[in-house]
2 protein chains.
Amino acid sequence: MRKPDAARAATYRLLIEYDGTRYRGWQEQRNARTVAGAFLHALGEAGLPVADLGGAGRTDAGVHALGQCAHLRLQQRVDPAELGRALNRRLPKDIHVLDVAMAPASFHARHDAIERSYLYQISRRRTALAKPWVWWVREPLDVERLRAAAARFAGRHDFRHFADVEKRAVRGEGTERASTLVEVESVEVAEDGALVLVRVVASHFLWKMVRRMVGALAQVGAGQLTLDQLSRLLESAPLTAADPRPAEWTAPPSGLFLERVRYAGDPPLGPLAAVSRIGGDTA
Amino acid sequence: MRKPDAARAATYRLLIEYDGTRYRGWQEQRNARTVAGAFLHALGEAGLPVADLGGAGRTDAGVHALGQCAHLRLQQRVDPAELGRALNRRLPKDIHVLDVAMAPASFHARHDAIERSYLYQISRRRTALAKPWVWWVREPLDVERLRAAAARFAGRHDFRHFADVEKRAVRGEGTERASTLVEVESVEVAEDGALVLVRVVASHFLWKMVRRMVGALAQVGAGQLTLDQLSRLLESAPLTAADPRPAEWTAPPSGLFLERVRYAGDPPLGPLAAVSRIGGDTA
């Protein structure tokens, strides 16, 4: 991308929702449909030369967003509301710009974020309407045990066993956050009909971390993993052949939503609520 | 269909949810994909000969159901829970059986129903995640006016101008409920983020009645129809050339859900709530 001409350039902060089902995640990739790619295409169609576009969270293939945040640097200044309308007229129907605001030239969606929250929807039954937004867990779940497990994740832990570290290294991103220490601010669990909702809040996340946390919570809830086994996975000691592997429990992307990215001065998160309502856990 | 052998036959009450997007409604039709057709196919695959299958509400093409009710008469007795599992293993992913119960041999899903409720979701913004479940109304809506209009529908009125009466006659069903008098028990309106929810409860409904009611409510909310004009449409006098036509405002099926069918002894409806949560009405 070209360097912006400082005199004419302008930086925008975008708030975006998308259904990730059809996409290989946010981040632009050659020969793959991505959300960032859809934005660059729409901006090209609108005749707006892009100097830089960056999302706060990469989101894996198939992961959704209720509130992805991105910085967009254009080589010309346009009215933010007009920019939002121009994008929504051209973006595919499964991507929507919720808000566009002018931002300081230095605004960087990923570096400036102080907190991210992810929402995961587990469904305890088959569902005709909410299938794209949930992970259907067939085993009966003890939600109180699952809640106790969630509490173990809170605080500062070494999440190396929950991160897809090799994948990061392969992609040449291994140097950026070599540490697997993460301070998890909170893990909330709530029930809504047949749904079990899990919300994880932290300043940053490792690759696949939330999906492996949710996979582990389901293992505990189903009685296949003890709380002590879970706690041992949160230590930095290497796993032995006998240890269970969180990588084997990676929950599917369909249930995962990047809910909110918070910047200095933003209001706190609202109460945990389902994206889709589904009824009681009959049949 | 064959007459059931009374000695071996059994009647079941099914509670069903479906995403109606791909279907030409509930009712079986030659050369069209219907929800009842999917049930007959699944029951055939399961080797269960069907004597009779009838839904409480026909639901138009594209209309969804959170709680359609049906009677199913089989020529043999099977365990209800087993029947539910056998169906859910074979039904397409956009149809789900919530519950199966044994019912008296005389149980008829349509005739025995004492009350039906429909939920309609209007979205005041474009949405990436909820598009299949809403009608996006671009005009700004005055929700207090819309609520006042909803109140006019409550009570006993002649809904002939809101019913697709000709279509019923063409289909040879004109005789069954020739009267267009309907007692509407309640019309509730609620806001949830960018959604405006409308719930209509009545003992029965005329063809397309709810979609035309919601279309008229949107007209009033957008300031294009007065409350007095609406009230005149609820009288049985023929429309003049100058009168607006509710048929022109038929709201799309995507926003409509058959929410609940109530039978004698069933508990009352729960509070009005969105099927899909969508955020505030920004951009």
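Leaving aside neighbours within four places in sequence, which residues is Val187(B) in contact with? View 1 has the answer, and the other views move on from there.

A word before the views: this is a predicted model, in which local features need pLDDT of at least 70, side-chain atom pairs count only at pLDDT 80 or more, and totals for chains, interfaces and linings use all residues. Residues are numbered from 1 along each chain as its sequence is written, chains are lettered from A and ligands numbered from 1 in the order in which they are written, and side-chain values use heavy atoms, with hydrogens and water left out.

**View 1. Val187(B) and its contacts.** Val187(B) sits in strand E8 (residues 181-192) of chain B; helices (H or I, at least four residues) and strands (E, at least two) are DSSP runs, numbered from the N terminus. Leaving aside neighbours within four places in sequence, Val187(B) is in contact with Ala150(B), Phe153(B), Ala154(B), Val198(B), Arg199(B), Val200(B) and Met213(B) (contact means heavy atoms within 4.5 Å). Val187(B) is buried because its relative accessible area is 15% (buried means under 20%, exposed over 50%, partly exposed in between, with a 1.4 Å probe and protein chains only). Tyr12(B) is 175 residues from Val187(B) in sequence and 31 Å from it in space, C-alpha to C-alpha.

**View 2. Tyr12(A) in strand E1.** Over in chain A, Tyr12(A) belongs to strand E1 (residues 10-18). With 0% relative accessibility, Tyr12(A) counts as buried. Pick out Leu83(A) too: 71 residues separate it from Tyr12(A) in sequence, while their C-alpha atoms are 9.4 Å apart in space.

**View 3. Leu233(B) in helix H6.** Back in chain B, Leu233(B) is part of helix H6. Its relative accessibility is 1%, so Leu233(B) counts as buried. Apart from neighbours within four places in sequence, Leu233(B) is in contact with Asp158(B), His161(B), Phe162(B), Leu239(B), Pro244(B), Pro246(B) and Trp249(B). Take Asp158(B) from that list: Leu233(B) and Asp158(B) are 75 residues apart in sequence and 8.8 Å apart in space, C-alpha to C-alpha.

**View 4. Gln224(B) in a loop.** Gln224(B) is in the loop between helix H5 (209-221) and helix H6 (227-233) of chain B. Is Gln224(B) buried or partly exposed? At a relative accessible area of 47%, Gln224(B) is partly exposed. Setting aside neighbours within four places in sequence, Gln224(B) is in contact with Glu139(B), Gln219(B) and Gln229(B).

**View 5. Two residues with positive phi.** Most residues other than glycine have a negative phi. Lys208(A) has a positive phi, near 65°, and is in the loop between strand E9 (195-202) and helix H5 (209-221) of chain A. Asn31(B) has a positive phi as well, near 60°; look for Asn31(B) in the loop between strand E1 (10-18) and helix H1 (35-45) of chain B. Asn31(B) counts as exposed because its relative accessibility is 81%.

**View 6. Where chain A meets chain B.** Rotating by 180° with 0.0 Å of shift along the axis superposes chain A on chain B (RMSD 0.0 Å), which is the relation of a two-fold axis. Copies are superposed by least squares on the C-alpha atoms of residues with pLDDT of at least 70 in both. Ser276(A) is the residue of chain A that comes closest to the rotation axis, with its C-alpha at 2.2 Å. The same surface serves both copies, as 100% of the contact residues of chain A recur in chain B. Each chain gives residues to the contact: 33 from chain A and 33 from chain B. About 2600 Å² is buried between chain A and chain B, with carbon and sulfur atoms giving 50% of it (buried area is the accessible area, 1.4 Å probe, that two parts lose on being put together, summed over both). Arg126(A), Leu129(A) and Arg277(A) supply 32% of the area that chain A buries against chain B, more than any other three residues.
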